[in-house]
Amino acid sequence: MSKKNSNPFAHAWVGISATFHTERNFKIHVACSLLVIILGIWLPLTTSDWYWIALCIALVLVTELLNTAVESIVDLVSPTYHPLAKKAKDAAAGAVLIAAIFSLIIGGMIFIPKLCSYFGG
Ligand SMILES: Nc1ncnc2c1ncn2[C@@H]1O[C@H](COP(=O)(O)OP(=O)(O)OP(=O)(O)O)[C@@H](O)[C@H]1O
């Protein structure tokens, strides 16, 4: 396919779909995101709560996609051990970890009081 006629949305979807099918952590994050959305509809959440939840979901999925991109490039250029390959992969994994911790904190701040008042009466 020539670069001129290529569809960037199609390439983006192929990237998301390939990551979903090959990366267990991405699947877990998508499943958690769906659960959070269902829980948010059930409780329900306020509009500003949804802004934060949307930000957290996007942050985790975007960092997971970038982590996969970094891993693929590193595996391509450095199939054997190299300290810079380790640095790149560990930094990318660190980005996912920070996004996940941030999302857990925000999720806890939003959901814990609502669940307590729901079950506490
Ligand atoms: N070529 C390499 N050179 C040096 N260290 C590497 C290399 N490949 C992997 N590592 C180290 O091993 C760790 C795990 O790498 P791996 O490619 O298995 O990623 P992963 O985090 O397990 O990915 P996945 O999300 O696919 O489980 C990296 O974070 C890095 O510390």
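User: Is Asp 90 buried or exposed?

Analyst: Please note at the outset that this is a predicted model, in which local features need pLDDT of at least 70, side-chain atom pairs count only at pLDDT 80 or more, and totals for chains, interfaces and linings use all residues. Residues are numbered from 1 along each chain as its sequence is written. A residue is buried if 20 or more other C-beta atoms, placed from the backbone, lie within 10 Å of its own, exposed if 12 or fewer, and partly exposed in between. Asp 90 is exposed because 10 other C-beta atoms lie within 10 Å. Asp 90 belongs to helix H4 (residues 83-120); helices are DSSP runs of H or I with at least four residues, numbered from the N terminus.

User: Which residues does Glu 71 touch?

Analyst: Contact requires C-beta atoms, placed from the backbone, within 7 Å. Setting aside residues up to four places away in sequence, Glu 71 touches Lys 89 and Ala 92. Glu 71 sits in helix H3 (residues 47-77) and is partly exposed, since 16 other C-beta atoms lie within 10 Å.

User: Which residues does the UniProt annotation "binding site" cover?

Analyst: Such annotations may be inferred rather than shown by experiment; their positions follow the numbering used here, and feature names are shortened. The unreviewed UniProt entry assigns "binding site" to Glu 23, Glu 71, Lys 89 and Asp 90.

User: Which residues are around the ligand?

Analyst: A residue counts as near a molecule if its C-beta atom, placed from the backbone, lies within 6 Å of it. The residues around the ligand are Glu 23, Asn 25, Glu 71, Val 74, Ser 78, Tyr 81, His 82, Ala 85, Lys 86, Lys 89, Asp 90 and Ala 93. H3 and H4 are the elements that give two or more residues to this shell, and H4 provides the largest share, 5 residues.

User: Which residues make up the largest nonpolar core?

Analyst: A nonpolar core is a set of buried Ala, Val, Leu, Ile, Met, Phe, Trp, Tyr and Cys residues joined through C-beta atoms within 7 Å. The largest has 6 residues: Ile 53, Cys 56, Val 60, Val 96, Ala 99 and Ile 110. At least two residues of this core come from each of H3 and H4.

User: What is the peptide bond from Leu 43 to Pro 44?

Analyst: Most peptide bonds are trans. The bond from Leu 43 to Pro 44 is cis, with omega near -10°. Pro 44 is found in the loop between helix H2 (24-42) and H3.

How values were computed. Two residues are in contact if their C-beta atoms, placed from the backbone, lie within 7 Å.
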